[in-house]
Amino acid sequence: MTEFLVAMLWSVVEVLIVFTGAQVIRVLSLGRWRSERWRSNEARTWSAAGALSFRHEGQRVVTINGLIFVGLLFYGVLAVLAVALAGLVSA
């Protein structure tokens, strides 16, 4: 039962990370880049194995792996800023 709960929790966290990555990509690229569509074989069809992004019809598309990378990077930077801010406030 514990393994099932851990798997469900990780699934929720992974969806949150992918969604965050998609929003960061959309904001930073000002809409010029897009994320890979859910439940599609775009990356498998149009990109090399393990690619973080590819070009399709003149537009940069970030794969699910790329979105996970960007989402984790965003939360890592957010954590570093939170620790730095907490250090400034307590000093």
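Reader: Where is the place of F69?

Author: The place of F69 is helix α3, residues 64-90. Helices (H or I, at least four residues) and strands (E, at least two) are DSSP runs numbered from the N terminus. This is a predicted model, in which local features need pLDDT of at least 70, side-chain atom pairs count only at pLDDT 80 or more, and totals for chains, interfaces and linings use all residues. Residues are numbered from 1 along each chain as its sequence is written, and side-chain values use heavy atoms, with hydrogens and water left out.

Reader: Is F69 buried, partly exposed or exposed, and why?

Author: Buried means under 20% relative accessible area, exposed over 50%, and partly exposed in between (1.4 Å probe, protein chains only). F69 counts as partly exposed because its relative accessibility is 49%.

Reader: Which residues make the nonpolar surface patch?

Author: L52, F69, L73, V77 and L81 make this patch of about 490 Å². Patches take residues with over 30% relative accessible area and no salt bridge, joining like charges within 9 Å and nonpolar side chains (Val, Leu, Ile, Met, Phe, Trp, Tyr) within 5 Å. A salt bridge is a side-chain nitrogen of Lys or Arg within 4 Å of a carboxyl oxygen of Asp or Glu. Accessible areas come from the Shrake-Rupley method with a 1.4 Å probe; for residues, only the protein chains shown count as cover.

Reader: On to backbone angles. What is phi of L30?

Author: Here is the general idea: most residues other than glycine have a negative phi. Phi of L30 is near 55 degrees, a positive value in a residue other than glycine. L30 sits in the loop between α1 (2-28) and β1 (34-35), and is exposed because its relative accessible area is 68%.

Reader: And what is phi of E57?

Author: For E57, phi is positive, near 55 degrees, and this residue is not a glycine. Look for E57 in the loop between β2 (53-56) and β3 (59-62). With 75% relative accessibility, E57 counts as exposed.

Reader: Where is W33, in the loop between which elements?

Author: W33 lies in the loop between α1 and β1. Its relative accessible area is 37%, so W33 is partly exposed.

Reader: How many residues apart in sequence are W33 and G58, and how far apart in space?

Author: W33 and G58 are 25 residues apart in sequence, and their C-alpha atoms are 10.0 Å apart in space.
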